[in-house]
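Dear colleague,

Please find below the structure I am handing over to you.

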Amino acid sequence: MVQILMVLGVLTGLGVAFFNHLYTAWYHIPIVLLMCVGFFILWAALYLLTCLIWAAIVNIKKVEYDPNPFYQWLVVETMKYILFFTNSSVKVEGIEQIPKDQKCLIVANHLSNYDPISVMTHVPLKPLIFI
């Protein structure tokens, strides 16, 4: 998701620069680069605002036994985005021992409140349900 937001920021910045004729002199290059960064920040803010709006309409009292793949994708992509910008890393050990055809229990040591979501991001089990 971060890559998509970066591409959107660069394309929007270059598009605005092109239509405003900011390609005519060499001293416009820093202005164009700042515009690309600014549009990236704008797209990222719009993405987070959209996530907040989607989170507001989710019914939290409904028991989910089979999670919606869209919301699972949304959580995973948002966590990748958060991990990227907080310069955090996730260390997964023993992922090759997880059975592919059976149910299993995954236990994290909970160094932070982001553990369940980061496990969801880095463990290739679908669906993954937390208690």
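**Findings**

The protein chain has four helices and zero strands. Taken from the N terminus on, its elements therefore read simply as α-α-α-α. Please note that this is a predicted model.

**Overall figures**

Of the 131 residues in the protein chain, 25% are buried. The chain exposes about 10,200 Å², and carbon and sulfur atoms supply 68% of that area. Among the contacts between residues at least 6 apart in sequence, 63% join residues at least 24 apart.

**The nonpolar cores**

The largest nonpolar core has nine residues: Met1, Val2, Leu5, Phe40, Ala44, Tyr47, Cys51, Leu74 and Tyr81. Three helices each supply at least two residues of this core, namely α1 (2-19), α2 (29-56) and α3 (69-85). The largest share, four residues, comes from α2. Another core, of five residues, lies apart from this one; among its members are Ala17, Val32, Met35 and Cys36. As general background, nonpolar side chains in soluble globular proteins tend to be buried together.

Leaving aside residues up to four places away in sequence, Phe40 touches Val2, Leu5, Met6, Gly9 and Phe85.

**Helix α1**

The length of α1 can be checked against expectation.

Which residues of α1 are buried? They are Val2, Leu5, Gly9, Gly13 and Ala17. These residues cover an arc of only 100 degrees around the axis, and therefore lie on the same side of α1. What covers them includes α2 and α3. The face of α1 turned away from the buried side carries the exposed residues Gln3, Leu11 and Phe19. After α1 comes His21, whose phi is positive, near 55 degrees.

**Cysteines**

A disulfide is a covalent bond between the sulfur atoms of two cysteines. With sulfur atoms within 2.5 Å as the cut-off, the count here comes to zero disulfides. Cys36 has a relative accessible area of 9%, and is buried because the cut-off is under 20%. Cys51, at 12% relative accessibility, counts as buried by that cut-off.

Glu77 lies in helix α3. Is Glu77 buried or exposed? At 12% relative accessibility, Glu77 counts as buried.

Met120 lies in helix α4 (residues 115-122). With a relative accessibility of 10%, Met120 counts as buried. Met120 and Val75 are 45 residues apart in sequence, while their C-alpha atoms are 8.3 Å apart in space.

With kind regards

Technical notes: Residues are numbered from 1 along each chain as its sequence is written. This is a predicted model: local features need pLDDT of at least 70, side-chain atom pairs count only at pLDDT 80 or more; totals for chains, interfaces and linings use all residues. Side-chain values use heavy atoms; hydrogens and water are left out. A nonpolar core is a set of buried Ala, Val, Leu, Ile, Met, Phe, Trp, Tyr and Cys residues joined through side-chain atoms within 4.5 Å. Buried means under 20% relative accessible area, exposed over 50%, partly exposed in between (1.4 Å probe, protein chains only). Contact means heavy atoms within 4.5 Å. Accessible areas come from the Shrake-Rupley method with a 1.4 Å probe; for residues, only the protein chains shown count as cover. The arc is that of the directions from the helix axis to the C-beta atoms.
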